[in-house]
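Biologist: I would like to learn how to read side-chain features in a model such as this one. Could we go through them one after another?

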Amino acid sequence: MIKYEEKSGEFHLSNKYISYIIKISEGGELYHIYFGKRIREREDFSHLLKICDRPLAIYSEENEIGHSLQYTQREYPFYGGGDFRYPAMEIAYENGSRISCFKYSNHKIYQGKKKLEGLPSSYALSESDAHSLEICLEDSLSNTLLTLSYSIYEEMPLICKSVRLLHRGEGDIRIEKVFSSCLDLPDSDYELLHLSGAWSRERHIKKRSLEQGIQGIYSMRGASSAEHNPFIALLRKGASEEYGEVLGFSLVYSGNHLEQVEVDTDNAARVLIGIHPDTFSWNLKKGESFQSPEAIIVYSDSGLNAMSRSFHKFFNTRLVNGYWKDRERPILINNWEATEMDFDEKKILDIAIKAKEAGIELFVLDDGWFGERNNDKSGLGDWYVKNFKKLPEGVSGLSKKIRKLGMKFGLWFEPEMVNKNSDLYRKHPDWVIAAPDRNMSQGRNQYVLDFSNPLVVEYIYRAMKKVISEAGISYIKWDMNRYITECYSAAHQAKDQGKIFHKYILGVYGLYEKLKTDFPEVLFESCSSGGARSDPGMLYYAPQSWISDDTDAIERLKIQYGTSIVYPISSMGAHISAVPNQQNGRMTPMKTRANVAFFGAFGYELDLNELTKEGMEEVKEQVRFVKKHRKLLQYGDFYRLQNPFEGNIAAWMSVSEDKQEAIVGYYRILGEVNKAYKRLKLQGLDEKKLYMVNGDEKQVYYGDELMYIGMLIEHTWERGADLDFSSELYYLESVIL
Ligand code: GLA
């Protein structure tokens, strides 16, 4: 999959889907030649290089013409020299200079893929699954090595990239910028798509045309954020869900990030993706190195849907790891919306008993079980039971009773946080992130523990480990309910303060790593006031994410649709909650709440005792349905069919790998009077197979009919019967008649 042509100095990374071509110039510079749909092998692709001889162009050498860095597609542009665009890397040297000059030194091609040190990263299933290339560049003056790493998988239309810097010279250097990937594209005829929002409206789809200048999204909040997910896509003009070229860029990282597209006045586009430089600087002493997070770049020639499926497949099979990889997710019930922090053992057991009756598999006790936690002003940091009025026999006692019912037991933690009113803060006020002599901002009455300090991480690790082992816990919801402000660590020297945001997230990853090693079968669900840290970095440790606190089924259409652009259905926590909805007061039918939540890691967020007898029967039926079909729902090939951001209808479907069965979800937001006749074009089926719809022998159609003509959805209309927020689910099974 990786070829090096000695004569032309070119690397061609390719599989049956894509080509990625890099060239070493005569002067030792790395040029980027191409990334996109696979092109045939050639010994020399020099004819594809962009050569521009322009008035006033700047050249590296005297008498040089043609290859001004200003106009060249560069592979990994460092600051210094004649390229005036934003660099991927900038280093400050001890003499105050920021000029670097990295030249090709050597390279290595090997089978398989290495793990990134201390960071979440994708992996290869075998030596032949992925091949990797490391190109080593050297700045001889400072004696610093830059290694660019690439991996290509045999069966995936994508490239994984990361970089590492090793300083071997005397004196310190300071990295001011180090992006994980740069991609110089020859033109800018694209639309930029990103997933942006806020609390309770996470990952709404935004689109705009690229323009000359800089456009991008970012987080400087200490978490990947609800505001901007670390992902962008470039869509060729006119590309849609099904058609056209799309490039998707995703960063396997949970901290501050920047995804930026610069279009120069030559209309070329430079895409940078990596750690946000404005909240980062990293000094290296002789012998020290720095590893960037991993960037994943997916190519699709058949629209956004295909790009998403590549991300889903890749994340499910090469990023999620360990016990929960490929496993169907347990149906859970969480008490948060039912009780918030106002509960006692009896209340919890009453919900659990009813849940067991419905066939639910896991009970999750949310916030409020620890310390003096009766509201959000106290208790965070004290991961032990103090309030025995609530839980007379502690968490272990409750867990025992729940497990005796025949359910698993799960628990909420917010490991990174502390309230001032806690034993932990009283004992270690210096363990929070706070700048000396400056105000310390609060968010939800809480402060952020200094996870850049290994002592703090170790303390929390021990506290959590004790609860997990004593209480027999099978699942952890790991929350993070405020962003980081006044970023400063008392545990580090002045010169290292630029490292704190990154070290913090490394501390979080380190704690995950330790807990996952100790408790390999515990299922982690990441959460951050809903989905403020639903990113691929988290996905590596926590195969599920609570993607939003907004549980209203209609709002969820957009949130789940947007989240599915990158993230697999198996990873999206999706629960049925009570009506009127806690967040927006909307009344939606139970059927629609279920039809939306089925496409996710399914669960409940209500007190089943408040349901009518019929309501409870519905719940039992839903649980039976999910148990029967969850492999298909959670791991099937997912196709978005109609976009709720663009109209009154949302629709999507999951198809089994063998195309034997499929489930379609169809949702009408507002009822329409005398609505038009409608067929919904399905996707991903086998043209030649006959499918029976909802077990009805009168509804049997060929795959090609369902895909190219469409499944009949609306053909009659009855006065007064067309309600708002209605939905239908269609189960298709291949039959032989
Ligand atoms: C956050 C989470 C909720 C719930 C509360 C508890 O808001 O997103 O699901 O766990 O915290 O305080």
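This is a predicted model: local features need pLDDT of at least 70, side-chain atom pairs count only at pLDDT 80 or more; totals for chains, interfaces and linings use all residues.

Biologist: What are the distance and the angle for Phe-35 and Tyr-299?

Modeller: The ring centres of Phe-35 and Tyr-299 are 6.4 Å apart and their planes make an angle of 80°, so the pair is edge-to-face, a term that applies to planes over 60 degrees apart. Phe-35 belongs to strand 4 and Tyr-299 to strand 20, so this pair ties together parts of the chain that are 264 residues apart in sequence.

Biologist: Are Phe-35 and Tyr-299 buried or exposed?

Modeller: Both Phe-35 and Tyr-299 are buried. Aromatic residues can also be grouped beyond the pair, and one aromatic cluster here is formed by Tyr-153, Phe-231, Phe-311, Phe-314, Phe-315 and Tyr-567.

Biologist: Let us turn to charged side chains; how many salt bridges does a search of the whole structure find?

Modeller: Side chains of opposite charge can pair when their charged atoms come close. In this model, a search of the whole structure finds 59 salt bridges. One of them joins Arg-54 and Asp-266, whose closest N and O atoms are 2.8 Å apart.

Biologist: Which residue meets Glu-294 in a salt bridge?

Modeller: The side chain of Glu-294 meets that of Lys-113, with 2.6 Å from N to O. Glu-294 lies in strand 20 (residues 294–300) and Lys-113 in the loop between strand 6 (103–111) and strand 7 (130–139), so parts of the chain that are 181 residues apart in sequence are tied together by this pair. Glu-294 is buried, with a relative accessible area of 2%, and Lys-113, at 17% relative accessibility, also counts as buried.

Biologist: What else does the side chain of Lys-113 contact, and at what distance?

Modeller: A polar atom of the Lys-113 side chain lies 3.0 Å from the backbone oxygen of Ser-122. The link between Lys-113 and Glu-294 can likewise be read as a polar contact of 2.6 Å between their side chains.

Biologist: Which residues are linked with Glu-29 in a network of salt bridges?

Modeller: Glu-29 is linked in such a network with Arg-74, Asp-83, Arg-85, Asp-184 and Arg-270. Elsewhere, the side chains of Asp-686 and Lys-689 meet in a salt bridge with an N to O distance of 3.5 Å, and Asp-686 counts as partly exposed at 22% relative accessibility.

Biologist: Where does Ser-100 lie, and which side chain does it contact?

Modeller: Ser-100 is found in the loop between strand 5 and strand 6, and its side chain makes a polar contact of 2.7 Å with the side chain of Tyr-93. At 5% relative accessibility, Ser-100 counts as buried.

Biologist: Let us come to the ligand; how many residues surround it, and which are the closest?

Modeller: The ligand is surrounded by 13 residues, the closest being Asp-366, Asp-367, Arg-444, Lys-477 and Asp-549. By class, the residues of this shell divide into six charged, four nonpolar and three polar.

Biologist: How far are polar side-chain atoms of Lys-477 and Asn-481 from an oxygen atom of the ligand?

Modeller: For Lys-477 the distance to an oxygen atom of the ligand is 2.7 Å, and for Asn-481 the corresponding value is 3.3 Å. In the side chain of Trp-412, an N or O atom is 3.0 Å from an oxygen atom of the ligand. Taken alone, the ligand exposes 310 Å², and the protein buries 96% of that area.

Note on methods
Residues are numbered from 1 along each chain as its sequence is written. Side-chain values use heavy atoms; hydrogens and water are left out. A salt bridge is a side-chain nitrogen of Lys or Arg within 4 Å of a carboxyl oxygen of Asp or Glu. Helices (H or I, at least four residues) and strands (E, at least two) are DSSP runs, numbered from the N terminus. Buried means under 20% relative accessible area, exposed over 50%, partly exposed in between (1.4 Å probe, protein chains only). A residue is near a molecule or strand if one of its heavy atoms lies within 4 Å of it. A polar contact is a pair of N or O atoms within 3.5 Å; within protein, one must be able to donate a hydrogen and the other to accept it, and residues adjacent in sequence count only if both atoms are side-chain atoms. Accessible areas come from the Shrake-Rupley method with a 1.4 Å probe; for residues, only the protein chains shown count as cover. Ala, Val, Leu, Ile, Met, Phe, Trp, Tyr, Cys and Pro count as nonpolar, Asp, Glu, Lys and Arg as charged, and the others, Gly among them, as polar. Rings of Phe, Tyr and Trp (its six-membered ring) pair if their centres lie within 6.5 Å; planes under 30 degrees apart count as stacked, over 60 as edge-to-face and the rest as tilted.
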